[in-house]
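Trainee: Could you take me through one part of this model in detail, and then show me how its surroundings are described?

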Amino acid sequence: MRTQTWQWAATAVMALGALAPTATASATAPDPVQKGLNALVNPDSVPGALASVTDREGRTRTYTAGVGDVATGAQVPRDGQVRIGSNTKAFTATVVLQLVGEKKIRLSDKVEDHLPGVLRGDGIDGRKITIRHLLQHRSGLPSYVDYLDEDIHPYEPRDLLARALKHKAHFKPGQKGKWEYNNTNYLVLGLIVEKITHRSIAQEIDRRVIQRIGLRHTYFPAHGDATIKERHPQGYYQSAAGAPLVNATEWDPSWAWAAGQMVSTNTDLNRFYTALLDGRLLKEPQLKEMQKTTPAKYPFPKGAGYGLGLVRTPLSCGGVYWGHGGSMTGYETRGGVVLKHGEPVRSVNVAVTTQPGQTVKDGMDKVVDEVLCR
């Protein structure tokens with residue numbers, strides 16, 4: 001996801017308080033998850049962190065570290081809402097694959113079949129790009145994120161797409177050995193969902209996913225709504241290492257749309273990925289297609305594979321876990337579900353309250369790995 005580069009003059013008064021209370025933390029001997037979160041926070045770069053771990057029986061433990069508001073020193077709210085960034089892609093992909101299961105669309109369909117004349121440009125032709133190409137980031141479309149304005153304001157999806165189409169394709173659709181993570185793919189998927197269903201992508205995600213499995217703290221913000229509805233830690237933007245932390249909690253998220261606009265909690269993300277992997281959201285043929293991966297590169301860990309909106313990541317103890325992760329101005333999330341005999345047995349999601357550097361991202365991945373390797 002995009003790291004925004006607006007230059008802001010600001011002064012942040014930093015005061016890292018004591019660890020916020022958690023469901024399981026011990027003041028004398030924090031467990032490995034708490035220890036991992038403690039290591040992530042830093043008063044100069046990562047104010048707060050929070051995590052949720054859910055076992056096979058649905059028992060959940062939540063954790064926090066750092067502060068939720070650097071101006072007041074307020075605690076990180078346990079299982080507070082955060083912007084989940086590219087985890088939104090997994091929700092969008094689920095809706096698309098549900099439509100495949102309903103025979104309203106096929107993975108082999110061309111974009112042209114549903115959005116005639118929309119994808120045209122230098123090396124860009126919607127008659128050659130399939131739904132599968134979009135879902136798996138193999139379309140070669142240029143990224144609109146590289147051409148956003150410097151100011152913060154609401155965007156319309158068609159405007160975002162127009163910015164991408166002014167530029168040359170990065171490679172031919174489905175070209176062997178080519179893969180590039182790109183929000184434009186999921187923007188087009190969102191437009192296709194809306195064309196087929198005659199409802200907004202937000203409405204379809206809500207009725208097909210959120211309501212179906214009872215995600216009580218998850219939603220797709222309305223256009224122009226930059227607030228976060230429930231208890232949440234503040235999210236921060238830092239233009240460079242050592243620069244002041246600027247509160248970016250309510251910066252407009254519409255630039256991410258079907259690729260990254262949603263809000264949720266760590267526990268709701270655990271519920272979502274568990275329900276997805278245990279077959280409550282997709283029919284078996286579509287879930288199997290979703291889990292067919294191609295080698296993925298940045299921003300995913302070494303050895304990761306990208307399916308149809310779902311990422312397979314290797315574990316240090318052997319095996320893999322399934323999830324996605326997300327990066328959005330003010331927040332970063334990591335996590336997923338480990339399976340045993342094809343059934344979800346443990347899930348974890350971790351969030352921090354800024355878009356951190358690679359060292360912190362590696363630390364988040366380490367916490368996830370340690371939980372899922374138990």
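This is a predicted model: local features need pLDDT of at least 70, side-chain atom pairs count only at pLDDT 80 or more; totals for chains, interfaces and linings use all residues.

Mentor: Residues are numbered from 1 along each chain as its sequence is written, and side-chain values use heavy atoms, with hydrogens and water left out.

Helix α9 covers residues 266-277; helices here are DSSP runs of H or I with at least four residues, strands are runs of E with at least two, and both are numbered from the N terminus. Its 12 residues reach 17 Å from the first C-alpha to the last, close to the 16 Å expected at 1.5 Å a residue, where the expected span is 1.5 Å times one less than the number of residues. The helix is mostly covered, with 11 of its 12 residues buried, among them N266, D268, F272 and L277; buried means under 20% relative accessible area, exposed over 50%, and partly exposed in between, with a 1.4 Å probe and protein chains only. After α9 comes G279, which has a positive phi near 90°.

Leaving aside residues up to four places away in sequence, F272 touches A90, F91, T94, V209, I213, L215 and L281, contact meaning heavy atoms within 4.5 Å.

Elsewhere, C317 and C373 form a disulfide with their sulfur atoms 2.1 Å apart, the criterion being a pair of cysteine sulfur atoms within 2.5 Å. This pair links distant parts of the chain, 56 residues apart, with C317 in the loop between β11 (311-314) and β12 (320-323) and C373 in the segment after α11 (358-372). The link of C317 and C373 is left-handed, with -90° about the S-S bond. C317 is partly exposed at a relative accessible area of 47%, and C373 is partly exposed at 23%.

Finally, H232 lies in the loop between α7 (201-213) and β6 (236-237), and a polar atom of its side chain lies 2.6 Å from the backbone oxygen of E230.

Methods:
A polar contact is a pair of N or O atoms within 3.5 Å; within protein, one must be able to donate a hydrogen and the other to accept it, and residues adjacent in sequence count only if both atoms are side-chain atoms.
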